[in-house]
Amino acid sequence: MAIERFYNFAFPGENGYTPGSVNGHQFLPPTVAAYAEWNMVEQNCGDCSDSSICECTYYDIIDNGNTDQVYQFVMTNIGNGAGWSHPIHLHGHSFYVMKMGFASYSQDDGKLIANRGQDQQDIICNDGKNFCNNAQWRNSTWSNGNHPTLNWDNPPQKDTIIVPTGGYVVIRFKADNPGLWFFHCHIDLHNTNGMGMMINESPSYHQKVPDDFPRCKSYIVNNGDGRFLNEIFRLLNINVYIQNHSIPNIEKA
Ligand SMILES: [Cu+2]
């Protein structure tokens, strides 16, 4: 039996605030080396809800020690925040592509038909704003890895797959590689805008870091120059997060 998770990679939001996110969580990079100092990662995504967009160091824990457990991820690109296709990349695994679902396009002009994305077809979004932060199969008997028409005949094995606008991709892999794996859109503008998350796989089975491995601790600058400094750090590609930072908003084209 596969354990199933839904992740919506999109730009949901309202009032001009539509950052890249996964299930409505705009990713904040951890302020520490997360693998070595997991207990210092700011793990509070408590303000996030099905009908809001939040910023946090979003992660999910999978497996908990059973190294043969199969996981099924349903990666969606649906709802209020659909509009671009996303090449989603999972570190630490190659996965099997079991199914792809597409939105409906006009036979005449090739354009997306309004309201015919997969949030209106195979998948349902439970929130009134159609952010799709907590999507599920419309047919509940498909839940928990029981979708009836997955491709079992030599499914392609990949580590990156396009999740089409308005559509979804079902992947499977064995959780047999304990570690901390980034899971993100590989368009860097989307990724750095927050469309990513961490998969913490089998935490109790992580390899220990060497005893003398540097512990940098959390370094948070919080002053009036924070916004300016944050941009400098971004330009230098230094992974330091400034409180009250500003991430440029990506407007829909
Ligand atoms: Cu993207």
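Here is a quick briefing on the fold, the sheets and the core of this chain.

This is a predicted model, in which local features need pLDDT of at least 70, side-chain atom pairs count only at pLDDT 80 or more, and totals for chains, interfaces and linings use all residues. Residues are numbered from 1 along each chain as its sequence is written. The chain has 2 helices and 15 strands; both are DSSP runs, numbered from the N terminus, with helices being H or I of at least four residues and strands being E of at least two.

**Overall picture**
- Buried residues account for 34% of the 253 residues in the chain. Buried here means 20 or more other C-beta atoms within 10 Å of the residue's own, exposed means 12 or fewer, and partly exposed is in between, with C-beta atoms placed from the backbone.
- Of the contacts with a separation of 6 or more, 73% are between residues 24 or more positions apart. A contact needs the C-beta atoms of two residues, placed from the backbone, to lie within 7 Å.

**The five-stranded open sheet**
- Five strands make up an open sheet in the order S5-S15-S14-S7-S12, and the pairing is mixed. Two strands pair if DSSP finds at least two bridges between them.
- At the edges sit S5 (59-62) and S12 (160-163), each pairing on one side only.
- From one strand to the next, the twist averages 20°; axes are lines fitted to C-alpha atoms (for helices, over the stretch in contact), and angles run from 0 to 180 degrees between N-to-C directions.
- Strand S14 (residues 179-185) is mostly covered, with 5 of its 7 residues buried.
- S14 runs antiparallel to S15 (residues 196-201), and 6 bridges link them. Phenylalanine 182 stands opposite methionine 198 in S15, while phenylalanine 183 has methionine 197 as its bridge partner there.
- S14 also pairs with S7 (residues 86-90), antiparallel again, through 3 bridges. Here isoleucine 88 has cysteine 185 of S14 as its bridge partner.

**S6 and its partners**
- Strand S6 is mostly covered too: 6 of its 7 residues are buried.
- S1 and S6 run parallel and share 6 bridges, with arginine 5 partnered by phenylalanine 73 in S6.
- S6 and S13 run antiparallel, joined by 7 bridges. Methionine 75 has valine 169 in S13 as its bridge partner.

**The nonpolar core**
- The largest nonpolar core has 40 residues, and Phe9, Met75, Ile78, Tyr168 and Ile171 have the most contacts inside it. Such a core is a set of buried Ala, Val, Leu, Ile, Met, Phe, Trp, Tyr and Cys residues joined through C-beta atoms within 7 Å.
- At least two residues of this core come from each of S1 (3-10), S6 (70-76), S7, S8, S13 (168-174), S14 and S15. S13 gives the largest share, 5 residues.
- Leaving out residues up to four places away in sequence, tyrosine 168 touches Val74, Met75, Thr76, Asn77, Ile78, Gly101, Gln118, Ile123 and Val163.
- As a general point, nonpolar side chains tend to be buried together in soluble globular proteins.

**An exposed loop residue**
- Asparagine 115 belongs to the loop between S8 (95-101) and S9 (123-124).
- Asparagine 115 counts as exposed because it has 11 other C-beta atoms within 10 Å.
- The C-alpha atoms of asparagine 115 and glycine 79 are separated by 8.8 Å, and these two residues are 36 residues apart along the chain.
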